Amino acid sequence: MASRRPPDRDVAPVVQRIRIRHARRGRLRFSSHRDFQRALERAIRRAGLPIAFSAGFSPHPKISYAGSAPTGVASEAEYVEIGLTSPRDPGQVQVALDAALPPGLDVLDAVEVRTSDFAQRLEASWWRIEFPEVDPVALAGARDAFWAAGSVEVERRTKSGLRRFDAREPVVWLDAHPEQVGGCAILEAVVRHVTLSVRPDDVLAALRQVADLEPPVPPRVTRLAQGPLDPATYAVGDPLAPDRRD
Amino acid sequence: MIYADALIGAGPLATLECMTDLRAGRPIGASHFDRLEPLLAHVAKPIQYVGGEVNAVTKEWDSAEVRWALMYPDAYEVGAPNQGIQILYEVLNEQQDILAERSYAVWPDLEEAMRAAAVPQFTVDGHRALGDFDLIGISFATELGYTNMLTALDLAGIPVHAKDRDLDTPLVVAGGHAAFNPEPIADFIDVAVLGDGEEAVLLISGIVRQWKGEGRPGGRHELLMRLARTGSLYVPALYEVTYLVDGRIQRVVPMHPEVPWRVAKHTLMDLDEWSYPKAPLVPLAETVHERMSVEIFRGCTRGCRFCQAGMITRPVRERSITGVAEIVQRGLEATGFEEVGLLSLSSADHSEIGDIAKNLADRYEDSQTSLSLPSTRVDAFNVDLANELSRGGRRSGLTFAPEGGSERMRKVINKQVTEEDLIRTVTTAYASGWRHVKLYFMCGLPTETDDDVLQIASLAKEVIKAGREISGRRDIKCTVSIGGFVPKPHTPFQWASQLDHETTDARLMKLKDAIRSDREYGKAIGLRYHDGKPGIVEGLLSRGDRRVGRVIETAWRAGARFDGWSEHFSFDGWMAAAEDAFSGEVVDVDWFTTRERERTEVLPWDHLDSGLDSAWLWEDWQDALDEVAVDDCRWTPCFDCGVCDQLGTEIQVGPTGVTTLPMPEVRAGG
Ligand code: SF4
């Protein structure tokens with residue numbers, strides 16, 4: 001008996017790529033990257049988008065993801081790219097996908113891909129951290145101590161074991177709001193992406209280390225933007241902008 | 001058990017009594033999410049607690065008059081795909097004035113955090129407190145969910161004993177297969193529903209609606225009386241059980257003239273009229289079944305004597321081929337799932353399964369949608385079906401269930417498969433490119449000897465031998481999975497002695513040696529089994545009476561949770577609880593498990609009517625001991641089990657005359 005080979009189906013080629021910015025909000029901030037992957041694949045099918053597949057016994061949809069925010073962190077700026085077998089209007093893709101995803105996983109922008117260096121354009125992230133029941137003065141003090149430190153070594157468990165690294169150096173901008181907003185003290189940070197990215201958790205660990213900041217309730221973190229970093233103003237730009245130009 | 005120390009140390013119930021304000025001053029029906037949210041940062045897989053799935057429903061609290069919390073007493077990953085809960089969730093929410101939300105068991109890490117922060121057991125839809133609802137419906141697929149029910153009630157601030165509940169406490173309603181003998185949980189539940197839930201939940205809702213509308217006359221007692229008077233809703237508190245000095249039950253008596261002596265099961269007669277689920281939930285969290293399921297029929301008439309599911313879900317009621325196609329199409333559009341499962345107890349037995357499989361396979365061939373048909377029938381037709389459904393896909397494993405190792409054993413259990421059938425079937429499978437055959441057997445069946453089980457080894461060797469011959473390859477495999485047999489209520493084996501766990505384990509060891517020691521075939525055969533201990537606890541809970549309730553409560557207070565999970569299950573904990581709870585009684589664990597019952601003994605579930613005639617069950621038990629098989633009543637004349645007679649119905653099978661699916665073709669991305 002001959003062994004079975006992958007079926008000789010014609011694999012429809014990718015004729016158009018769409019880059020999408022989406023948010024992860026509210027209670028769905030607890031979804032993991034894998035949870036989002038499954039949700040997106042199903043939403044694409046529900047929306048009837050002509051997604052391209054890889055060849056072989058177990059074909060995979062052509063979707064690629066840019067580094068996603070950690071589980072438990074909300075985001076206004078996650079990016080994903082999908083390959084289609086027939087062209088679609090990006091605006092319509094945005095609307096259709098947004099309708100097919102559950103509320104809280106919201107599609108905010110979609111452009112046709114015209115450039116290739118997207119991953120490199122994600123140079124930095126702008127984070128907002130809300131601290132319920134924390135005094136803004138205490139937070140500002142912690143912020144200043146962290147900012148003044150030359151380096152703050154923190155530890156994190158990674159796939160390759162416990163790693164020690166500097167959480168201070170990639171933080172290029174850090175601001176504590178002078179007043180509480182909605183019962184929370186607020187910290188904003190712009191962090192450059194480096195090989196072992198410094199995450200909001202690491203910044204929190206660093207604040208605990210330099211200033212004994214122990215929030216009574218777990219802080220809520222949101223990624224507000226990720227994209228190119230303006231070296232003069234430390235503003236984080238729109239990574240989809242180059243695709244929008246004709 | 002990881003959590004046990006923490007809980008015992010803190011004294012789980014001591015903490016509870018301090019949980020004075022679970023509601024934290026909020027109005028009834030308010031969301032508790034903001035209080036839960038900070039706890040989620042510190043627990044495993046928090047996504048399972050947040051809800052927000054595609055097709056989830058959250059209604060305004062005030063829009064409804066009757067409010068249900070539907071609970072599955074296991075983790076979200078197991079409970080979310082459960083068909084029963086999903087169907088009832090839709091059926092109830094479709095009603096204007098009824099609201100239904102879902103709740104699942106929380107893992108011990110969150111339980112501990114919730115106790116510390118006084119956060120109540122919640123629904124994942126509106127994060128409303130369970131104690132705010134009118135009804136809590138709990139679906140028990142197995143008895144091993146009982147301790148999780150107690151945790152949930154306790155976290156909700158609901159007294160675990162029904163007798164301690166007041167007018168404002170929700171009614172606790174148990175359903176699912178285990179509810180066919182709810183006696184072990186009789187002290188903890190208010191109502192049990194036997195059989196299909198669709199009509200039953202509407203019946204209950206109607207009675208609750210009316211009673212509330214009238215201003216709740218007569219209090220909780222009157223409501224329970226109204227439910228009991230239907231004759232199809234069992235209210236344990238309205239029955240008294242008395243015992244003989246030797247421990248057997250003397251009688252079970254209704255305590256009020258209007259309460260019926262026996263309670264009937266619910267049977268949905270026309271599946272096509274109940275076309276659910278229409279919009280299945282799409283969980284964000286990973287679950288045990290990542291697919292859209294359609295139930296192609298209910299019931300099973302094969303009459304395997306060990307099979308409670310087959311016995312209590314009679315008669316067979318098929319969904320039509322068009323009904324199936326409609327659910328599949330609508331469900332895929334609503335969910336975007338990439339797999340469809342054609343579910344039933346024995347899916348290859350649908351009278352039109354060949355056409356259903358072929359049509360669905362044609363229809364979805366190019367849409368990256370796969371079809372699965374969980375079936376373990378041992379015949380060539382089943383292999384043909386599997387081939388049809390795996391067109392173009394990988395042919396990895398195919399499962400068959402001869403259940404009994406020897407010809408004699410298979411006659412005892414009424415599984416009519418010969419060794420020849422099995423070899424012919426697996427040969428066909430290996431010939432069509434399947435590389436891996438899985439065989440399912442049971443150990444501990446009535447009258448079984450070591451030899452019956454050892455024959456599993458010879459069977460598996462024959463399978464490999466035949467497979468190597470037909471495929472000309474040496475890399476084919478066979479996995480043998482063994483489940484421990486637990487005698488269940490409402491089956492011919494309800495009177496049987498359960499095999500003790502020591503003998504079960506010894507028998508399995510002999511089987512293992514017989515397979516491992518074979519140089520020619522041993523390496524091609526995999527063996528999977530569990531030790532016999534969990535089966536004893538399951539057996540105690542399955543055939544127990546009201547006295548077993550104390551064991552459950554004692555085990556739970558000592559930390560028993562998630563008993564279906566081997567990493568959480570503690571046999572010693574359960575035995576210690578039984579020792580404690582049965583002290584001063586004439587009964588013990590062996591009495592409930594390994595003891596054979598006599599014809600005249602009153603069984604704890606005799607007053608609960610599954611439709612099966614008890615004289616017929618006893619005869620079938622005697623036939624089993626005489627190694628006499630009976631036919632499947634789907635295809636050959638009836639053998640009088642009593643179900644059809646009682647329901648005034650007959651087996652409902654095709655043909656409908658419809659062979660093609662009257663629907664357009666589907667392509668990916670259309
Ligand atoms: S075929 Fe036998 S084991 Fe399977 S559901 Fe029917 S009666 Fe039960």
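**Entry 1: chain B against chain A**

I looked up the area buried between chain B and chain A and found about 3000 Å², with carbon and sulfur atoms giving 52% of it. Buried area here is the accessible area, taken with a 1.4 Å probe, that two parts lose on being put together, summed over both. The size of an interface is often given in this way, as the accessible area lost when the parts come together.

I noted that this is a predicted model, in which local features need pLDDT of at least 70, side-chain atom pairs count only at pLDDT 80 or more, and totals for chains, interfaces and linings use all residues. Residues are numbered from 1 along each chain as its sequence is written, chains are lettered from A and ligands numbered from 1 in the order in which they are written, and side-chain values use heavy atoms, with hydrogens and water left out.

Next I took the contacts (heavy atoms within 4.5 Å). Chain B puts 43 residues in contact with 33 residues of chain A.

How many salt bridges are there between chain B and chain A? I found 6. The term means a side-chain nitrogen of Lys or Arg within 4 Å of a carboxyl oxygen of Asp or Glu. I looked at A:Arg42 and B:Glu290, whose side chains meet in a salt bridge at 2.8 Å, N to O.

**Entry 2: the domains of chain A**

I found chain A divided into domain 1 (16-113) and domain 2 (122-227). Such bounds come from an automatic or database domain assignment. The contact takes 13 residues from domain 1 of chain A and 10 residues from domain 2 of chain A. Their centres, taken over C-alpha atoms, are 28 Å apart.

Between them, these two domains of chain A bury about 840 Å², 58% of it on carbon and sulfur atoms. I counted 1 salt bridge between domain 1 and domain 2 of chain A. A:Glu78 and A:Arg223 meet through their side chains in a salt bridge, 3.0 Å from N to O.

I then looked at A:Asp117 and A:Arg121, which form a side-chain salt bridge at 2.9 Å, N to O. Is A:Arg121 buried or exposed? A:Arg121 counts as buried because its relative accessibility is 9%; A:Asp117 is partly exposed, at 35%. Buried means under 20% relative accessible area, exposed over 50%, and partly exposed in between (1.4 Å probe, protein chains only).

**Entry 3: the domains of chain B**

For chain B the assignment gives domain 1 (4-204) and domain 2 (291-547 + 585-647). I read 32 Å between their centres over C-alpha atoms. The area buried between domain 1 and domain 2 of chain B is about 1800 Å², with 54% from carbon and sulfur atoms. In domain 1 of chain B, B:Glu143, B:Phe180 and B:Glu183 lose the most area to domain 2 of chain B, together 34% of what that side buries.

I counted 5 salt bridges between these domains of chain B. I also looked up B:Glu198, which forms a salt bridge with B:Arg298, the closest N and O atoms being 2.6 Å apart.

**Entry 4: nonpolar cores**

Which residues have the most contacts inside the largest nonpolar core? I found A:Ile82, B:Trp68 and B:Leu227, in a core of 142 residues. A nonpolar core is a set of buried Ala, Val, Leu, Ile, Met, Phe, Trp, Tyr and Cys residues joined through side-chain atoms within 4.5 Å. Another core lies apart from it and has 36 residues, among them B:Ile456 and B:Cys478.
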